[in-house]
Amino acid sequence: MNKYIKQTALLALTALLVTACDEEYKMDGLKTQSTVVIEGLVTNLPTRQFVKVSRSGDFYASGKTERITNATVQVTDNAGNTYTYVHNPNGHADSVGYYKPAVPFIGQVGRTYNLTVQADGETYTASDEMFHINPIEELEFRVDDDQVDEPEDEDFPNRIYEVLMTVEEPQETRDYYLFRTYRNGERIWAESSEEDPEIYVTDDVLVGGEINDIAIPGYFENGEVAGAEIYSLSRPVFIYYRDLSKILANDGGMFDPPPANPRSNISNNAYGVFQASAISYDEIRIEAAE
Amino acid sequence: MIRFLIVTMLLFLNVAAWSQGKATLNGYLKDGANGEVLIGVSVYIPQLKAGTTTNPYGFYSITVPPGTYDVVYSFIGYNTQTVSIALTGDVSRSIEMGAESTMMQEVEISGERVDANVVGIQMSKNTLNLGQVRKLPALFGEVDILKSVQMLPGVISAGEGTSAFFVRGGGGDQNLILMDEAPIYDASHLGGLVSVFNADVIKDSELYKGGIPARFGGRLSSILEVRTIDGNNKNFQVQGGLGTLASRLSVQGPIKQDKASFLLSGRVSNIGAYLKAADVDNGVTFYDLNGKINLKVNDKNRFFISGYLGRDKITFDDGDAGFGWGNATATFRWNHLFNERLFSNTSLIASRFDYSLEINDPAQGFKWTSDLTEVSLKNDLSYFINTNNELTFGYHLTSRRFQPARIVPSSEGSLFKRTEFEKMYALDHALFISNEQRINDQISLEYGVRLSIFQNVGPGKVYWYEDPQAADNPVRSDSSEYNRWETIKAYINLEPRLGVRYALGEDKSIKASYNRMVQNTHQMAAGTVPLPFNNWAPSGPYLKPQVADQVALGYFQNFKDNMYEGSVEVYYKDVNNVTDFADNAEILLNEDLSTEYRQGDSWAYGAEFMINKKKGKLTGMATYTWSKVMRKIDGVNQQRDADGNVYGKTYAAGYDRRNVANIIAAYDYNDKWTFGASFTYSTGRPITLPSGKYELDGYMPNTISERNGYRMPDFHHLDLSVTLNPRKNATRRFKGQWVFSVYNVYSRKNAFTIYTRTKRDDDNHVIGDGTQKEARMIYLFPVLPSVTYNIKF
């Protein structure tokens, strides 16, 4: 919906105007400052716990941002448990900057988790509560006629199936959800390869307190396995993701509010988020009747 | 309030008693060719060195000692008339004035007395010269008074392709735009490519930027008053045009010769046809309808009914999604003459603005509508006491209803449920009194006061929060229910207004003014440019009235028998409770939206230089404005100090452009050819750009260090136009006219906005591993030629 609203303004002025163009613009005089970035996740599934510590970098730099490998990372919960994390215990090249619990553990719904990270001589703390999530009741697929007419991603005209999800939504609580979807186990970042990665986050007010046959992000082709993951979020983490999605989609302040850094639950001016989520997962193979 | 009224009445009666033994001359001034009343005509009695001007209804009244006088009626573009009148008693004399030029070009019925710039008390006011506006190049050839307003000194535009304008550091919502006295809440079509004002029906337009008279209120920064023509009461007339963007047709004529006339005018966009031809599945239409009936019952009573209806409709993907927005206004006016010197205008005005957003989808379809409706009653009285005093006073009452959102699912299966946000109601009373007083040949004053009494009233439910501005989690703690008309919150403000003119001679003067303005209707615009979808909200428990104090000083001089007008003005404006959204505010479909409001301070100052050539074959205007506007609001542009405390840092407003220079010129080469040129330059507007980036999950968000901390490149373009009036026009009733124009002659790529994304190639494929980002600049118009054909018969 946001997307449509933005389009009106930009449509009238750009999409519609055959005269409008865009071109690369070189920003100069940017005041880059390197800041610690912390991303932490505690879940109710094994092996999914991690904390990543890195630094923000130059806007025009290429390659991964700088990782911090000598931080001290610890998670505690309100049941009196302490989990010490170690840097890249398996020594994977692509896991530099990732910290894993020295002793594997599984998060529990209802507990509050506290994160402490010491890096560069500073201490950063955060806490988050893990909320309940209901299992995904059903996934179904069907042909989306719009995709047949005009595929979202021109490079993949056979992706004409949408997948609908049904989950029981508790009515007595205000709940917040994050959705992630997978194609044959690969994360889907956006509905089209022509778009930058998007965030799919909602609260139950917007969906009218029901998740019945909601189309999950992404379109699929026959034979593919569609995976859907739904995360429970606390309100502060929901707000973080909502803010993050705003800054990712900002138009520079002409019609949107001027971009601002997301409200993070991490102290001491670090960027990032510490999230405790329960996860439900289900998948379905698209097998169209010929 | 009662006391205020009594004082008013006493003053009124006393003054009436003082002026016994005098004679009053009054009447209306009209264009002899079409019966349009003329506004601002100078009525001058040389023997007494006394004079007046006609009011917005074309009426004048002057009270002098009995005698026989030569009365001089003069007005730009018309032959001056001198009439000898024996004033032994009260005399009513209406005058029809003949136009100076007998050329085929339409006669201008707008204007003001030739030396108003110097002799009037009013400063910081610009009158649009519509005749000149029509000769100037226009974007897509569509003559647009708002684009001309954007060229005036002290006025800043957000960029090309927008109708928004910013006056002396004021926000886009701080302008009161009136069409025949009815407020227009969104004056844009197509997001601002053109405005709702169809130039064919505009008679007169004035922009007040400072020293705003007490009869106006409700917005902080400016009043743009637009009046439509009354309709020719002598001859039937048809006028129309075919342009790149839209087609126009208007019909006017007498209902009863010299007594009653009508006007009916329509404009409709042509773009839909191009899109269809180009096989684009998006649809775009807009239209405007103006109608007016003007009835002169007798010399003491005149009635006007005017209405406006305009709409935009944009659809995507063959109607899968769509938007619409529009204004509807109706004005009923009654001009009544109680006696020779007491003129009354009573208006009943209704205005409605609404927008809708529709998505047709079996699972996620809904229709969202929102509207704002207001009805107001205004009674303005002018009492022409004597040649030295003109008293105006009146009462305005406005009732507003705000409907922020109503959501209806488009089908049974839609995941959206029927929702209606709490409606809000407000009552606005204003009492004002103002006197324009001539002290002596040098000094004239205008002083007045406006009392504004605002009430946010029921019915309604107001939610209370533990901490309404909590950083991330305002929790509803309680709510209160209010009955119809029950006051939820009231604000009372006294707004003093003062203007002084000191004449330094016949052709130069110094003027100073102070005004306080109060605004109780706020547009919650998120971006720099307001959109039709930015809701309006009344003052209430969570929004205090915005209050502006402005002082201005100016030097005015005319040269060469008023051929050139020059002025320099400086101003300082201080605004309290300027309204913005908190950083990261959630604006769409938020029932706790009031927790996202933040109010703070804004201050602006600047200097404006203008030279205007109003007569001769070559007319034009050159202006230069230097200005600065800053804001400081808690919760906006949040930074942490050394101790880790969050504070809102001062930032430049999104429309802060330091240097603005404009030059416009029109040259009447001969009866056949007219040339126009327009050049504009301004400092790039501030924008918030990233200071870096970081990785989170698979995303690469930007880091932001400061709001509006970066400036876009300078903005400038040159436009040219040629108007061709074929010679055969002179000999026939049917008159055709061609207008050729070229916008942005040297094809400057003016940045409209800058955004960032993952670096991609021309085919939109990610370059490299997707870690690289780029900034992109959108520009709207390269060199753009257009042709318009106008007819009149």
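Two strands are taken to pair if DSSP finds at least two bridges between them. Strands (E, at least two residues) and helices (H or I, at least four) are DSSP runs, numbered from the N terminus. In chain B, 5 strands form an open sheet with mixed pairing, in the order E9-E16-E17-E12-E13. Strand E9 (125-127) and strand E13 (182-183) of chain B stand at its edges, each with a single partner strand, so one side of each has no neighbour in the sheet. Within the sheet, strand E16 (residues 202-208) of chain B runs antiparallel to strand E17 (residues 222-228) of chain B, and 6 bridges join them. B:Glu206 has B:Glu225 in E17(B) as its bridge partner.

The model is predicted; local features need pLDDT of at least 70, side-chain atom pairs count only at pLDDT 80 or more, and totals for chains, interfaces and linings use all residues. Residues are numbered from 1 along each chain as its sequence is written, and chains are lettered from A and ligands numbered from 1 in the order in which they are written. The model scores ipTM 0.92 and pTM 0.89. The predictor's confidence in each residue, pLDDT, runs from 0 to 100. Its mean over chain B is 88, and 95% of the residues of chain B reach 70 or more. Confidence in chain B is highest in strand E33 (residues 508-519), at a mean of 97, and lowest in helix H1 (residues 2-18), at 46. Over residues 9-19 of chain B, pLDDT stays under 50, and the model has 5 contacts for them beyond four places in sequence. Where pLDDT is low, the predicted coordinates should not be read in detail.

Two residues are in contact if their C-beta atoms, placed from the backbone, lie within 7 Å. Between the chains, the contact takes 76 residues from chain A and 74 residues from chain B. The largest share of the side of chain B that touches chain A comes from E52(B), with 7 residues. E52(B) also pairs with strand E1 (residues 21-25) of chain A, in the antiparallel sense and over 5 bridges. There, A:Glu23 stands opposite B:Met777 in E52(B).

A residue is buried if 20 or more other C-beta atoms lie within 10 Å of its own, exposed if 12 or fewer, and partly exposed in between. A nonpolar core is a set of buried Ala, Val, Leu, Ile, Met, Phe, Trp, Tyr and Cys residues joined through C-beta atoms within 7 Å. The largest such core has 119 residues, and B:Ile145, B:Val149, B:Phe165, B:Leu178 and B:Ile754 have the most contacts inside it. Leaving aside neighbours within four places in sequence, B:Val149 touches B:Val155, B:Phe165, B:Leu207 and B:Leu224. Another core, of 57 residues, lies apart from it and includes A:Val42, A:Ala228, A:Tyr240 and A:Ile284.

B:Tyr571 belongs to strand E37 (residues 564-581) of chain B. B:Tyr571 counts as buried because it has 24 C-beta neighbours inside 10 Å. Its contacts beyond four places in sequence include B:Arg168, B:Gln550 and B:Gly606. B:Gly606 is 35 residues from B:Tyr571 along the chain, and their C-alpha atoms are separated by 5.7 Å.

Elsewhere in chain B, strand E2 (residues 42-45) and strand E3 (residues 50-53) run antiparallel and are joined by 4 bridges. E2(B) and E3(B) form a hairpin with 4 residues between them, and B:Lys49 in the turn has a positive phi of about 50 degrees.
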